[in-house]
Amino acid sequence: MASIDFSSPHPPLLLVAGSNDHLIPASLNLANYKKYKRSPSITDFKEFPGRTHFIIGQTGWEEVAGYVATWLDEKKV
């Protein structure tokens, strides 16, 4: 069985969740964020209200894409 050392350094990580995602609920993304946050690496979480698992394909996808682009610029990724 594989083991993950969540405290090890990793590339910058942005976990994006939709509040209405029933395949990978926002609560699971948040739990993963809290585990990865233990490392010294850049790790962030953003939940978008009313979004499903198809978050980037839904109407208003530009808001999500814009957030990610801004995050990348701010983190110098």
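Here are a few questions and answers about this predicted model.

Me: Which residues of helix 1 are buried?
Reply: Happy to start there! Helix 1 covers residues 26-36. Its buried residues are Ala-26, Asn-29 and Tyr-33.

Me: What do the buried residues of helix 1 pack against?
Reply: Good one to look for in the structure. The buried residues in question are Ala-26, Asn-29 and Tyr-33. They pack against strand 1 (13-18) and strand 2 (43-48).

Me: Is Asp-44, the salt-bridge partner of Lys-75, buried or exposed?
Reply: The closest N and O atoms of Lys-75 and Asp-44 are 3.3 Å apart. This pair links distant parts of the chain, with Lys-75 in helix 2 (residues 61-75) and Asp-44 in strand 2, 31 residues apart. Lys-75 has 29% relative accessibility and therefore counts as partly exposed. Buried means under 20%, and Asp-44 is at 18%, so Asp-44 counts as buried.

Me: Which parts does the salt bridge of Glu-63 and Arg-51 tie together?
Reply: The side chains of Glu-63 and Arg-51 meet at 2.9 Å, N to O. Glu-63 is partly exposed at 49% relative accessibility, and Arg-51 is buried at 8%. The two are twelve residues apart in sequence, so the pair ties together helix 2, with Glu-63, and the loop between strand 2 and helix 2, with Arg-51.

Terms used
Residues numbered from 1 in each chain as written. Predicted model: local features only at pLDDT ≥ 70, side-chain atom pairs only at ≥ 80, totals over all residues. Heavy atoms only, no water. Buried < 20%, exposed > 50% of the residue type's maximum accessible area, 1.4 Å probe, protein only. Helix = DSSP H or I, 4+ residues; strand = E, 2+ residues; numbered from the N terminus. Contact = heavy atoms within 4.5 Å. Salt bridge = Lys/Arg side-chain N within 4 Å of Asp/Glu carboxyl O.
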